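Student: I would like a close look at one strand in this model. Please take me through its surroundings step by step.

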Amino acid sequence: MKGILLMSHGTLCYGMINSLEMLGADTDKVKAIALFQDTGLDDYAQEISGALEELDDGEGVFVITDIISGTPFNQVCHFYEKKNIEIITGMNLPMVIFAIHYRDYYSLEELGNRCIDEAKNCMVTMKSILY
């Protein structure tokens with residue numbers, strides 16, 4: 001089973017896990033790493049490295065960060081060519097739910113593409129639903 005690592009500025013990533021549990025999703029091999037204002041970058045890099053090791057059972061780790069070019073994204077990118085990981089950004093609940101449910105069915109790359117598609121498809125206006 002692919003591991004899933006959620007990373008964000010502040011507690012957004014913890015809230016995602018809380019929401020997943022509330023919805024009854026399987027959060028086995030899902031971990032969150034939050035970045036806080038007082039987090040040192042060396043400590044943060046070590047935490048990321050440890051989480052990637054812990055979550056990878058040979059199938060790789062799927063990483064979702066909150067925003068592109070933010071510190072969580074930038075820091076995990078240092079591991080992209082060293083570890084079996086895929087990284088996507090723009091974290092939202094529909095993409096996280098999709099990743100949890102379909103991580104065993106797609107390659108890391110395909111899972112990334114499909115999560116992004118799912119997130120885009122879930123962004124609608126009320127008017128588009130009604131008419």
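Tutor: The model is a predicted one, and the part to look at is strand β3, residues 61–65. Five of its five residues are buried, so the strand counts as mostly covered, buried meaning under 20% relative accessible area. In a regular strand, side chains alternate between the two faces of the sheet. In β3, V61, V63 and T65 lie on one side, while F62 and I64 lie on the other. Residues on both sides are buried, and both faces of the strand are therefore covered.

Next, the neighbours in the sheet. β3 runs parallel to β1, and five bridges join the two. Within this pairing, I64 of β3 has L6 opposite. β3 also pairs with strand β4, residues 85–89, again in the parallel sense and over five bridges. Here F62 is the residue that stands opposite E86 of β4. Together with helix α3, residues 71–77, the strands β3 and β4 form a right-handed β-α-β unit.

In α1, which spans residues 12–22, the buried residues are C13, M16, I17 and L20. These four are on the same side of the helix, because they cover an arc of only 95° around its axis. An α-helix has 3.6 residues a turn, so residues three or four places apart point the same way. Just after α1, G24 takes a positive phi of about 80°.

Note on methods. Residues numbered from 1 in each chain as written. Predicted model: local features only at pLDDT ≥ 70, side-chain atom pairs only at ≥ 80, totals over all residues. Heavy atoms only, no water. Buried < 20%, exposed > 50% of the residue type's maximum accessible area, 1.4 Å probe, protein only. Arc of directions from axis to C-beta. Pairing = 2+ DSSP bridges. Right-handed = clockwise from strand over helix to strand, strands pointing away.
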